[in-house]
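Colleague: I'm new to this one, could you walk me through it?
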Amino acid sequence: MAVPEGRTERALPDLTWRAMTAVDLDAVAAIAVLGFPDHFEGRELFENRLALNASGCFVLADGDGPPRGYLVAYPWRADAVPALNTLIEAIPDDAAVMYLHDLAIHPDARAGGHTGAVVEQLADAARAAGWPAVSLVAVNAAAPFWARHGFEVRDPPGMAEKLASYGDDARYMMRPL
């Protein structure tokens, strides 16, 4: 497969989802800046989340090549969201859902249908691990995208205050499993 690049075509690599490793962290942080310019989270955050829950961290790449996208998820409290760009010491003892912290694809790798596969992979793994739901915060007007993947907007008491730093269009969403 190829995509037009000016008057020529460039080949698209064979991108698949694989486990994230520490070697991927610089590329993940760079993709995060492109995907979420108004919601900065640095390399240290991704290193922190990988250490906390490696089984919920994936990159989209051509084999061992550089990441072209990433997904980060970990167990968290229901109807709660972690503060942006904040390191956490441990998974909370009262974690009740799988929290999809971030999903971003490099602009050059978008429109390849890659997001649906990893969202379903995460949902299947969360279900198998006994989590009743996956939650997330939709930013950048992405609530319709997440709704197509089975997520529904929820507005539990106090959530508006928790979402204030995420932007005016932020929506807390949950997908029952």
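Modeller: Gladly, and please keep in mind that this is a predicted model. I would begin with the largest pocket, where β6 (97–105), α3 (114–128), β7 (133–138) and α4 (143–148) each supply at least two residues of the lining.

Colleague: Which element gives the largest share of that lining?
Modeller: That is β6, from which seven residues of the lining come.

Colleague: And how many residues line the largest pocket altogether, and which lie nearest its centre?
Modeller: The lining is made up of 28 residues, and those nearest the centre are Phe36, Leu103, Ala104, Ala142 and Trp146. Sorted by class, the lining has 17 nonpolar residues, along with eight polar and three charged ones, and the volume of this pocket is about 540 Å³.

Colleague: Switching topic, how many aromatic pairs are there?
Modeller: The count comes to five aromatic pairs. One of them joins Tyr74 and Trp76, whose ring centres are 5.9 Å apart with the planes at 85 degrees, so this pair is edge-to-face, an angle over 60 being what that label requires.

Colleague: Are Tyr74 and Trp76 buried or exposed?
Modeller: Both Tyr74 and Trp76 are buried. Tyr74 also forms a tilted pair with Tyr99, at 5.7 Å centre to centre and 55 degrees between the planes, and this pair links distant parts of the chain, since Tyr74 is in strand β5 (residues 69–76) and Tyr99 is in strand β6, 25 residues apart. Tyr99 is buried as well, and Tyr74, Trp76 and Tyr99 together form one aromatic cluster.

Colleague: What sits over the ring of Trp76?
Modeller: The charged end of Arg77 does, at 5.3 Å from the centre of that ring.

Terms used
Residues are numbered from 1 along each chain as its sequence is written. This is a predicted model: local features need pLDDT of at least 70, side-chain atom pairs count only at pLDDT 80 or more; totals for chains, interfaces and linings use all residues. Side-chain values use heavy atoms; hydrogens and water are left out. On a 1 Å grid over the protein atoms alone, a cavity is a set of points where a 1.4 Å probe fits but cannot get out, and a pocket is an open set with protein on both sides within 12 Å along at least five of seven lines; lining residues have an atom within 4 Å of a point. Grid points are joined across faces, edges and corners, and a volume is the space filled by probe spheres set on the points. Helices (H or I, at least four residues) and strands (E, at least two) are DSSP runs, numbered from the N terminus. Ala, Val, Leu, Ile, Met, Phe, Trp, Tyr, Cys and Pro count as nonpolar, Asp, Glu, Lys and Arg as charged, and the others, Gly among them, as polar. Rings of Phe, Tyr and Trp (its six-membered ring) pair if their centres lie within 6.5 Å; planes under 30 degrees apart count as stacked, over 60 as edge-to-face and the rest as tilted. Buried means under 20% relative accessible area, exposed over 50%, partly exposed in between (1.4 Å probe, protein chains only). A charge sits over a ring if NZ of Lys or CZ of Arg is within 6 Å of the ring centre and within 35 degrees of the ring normal.
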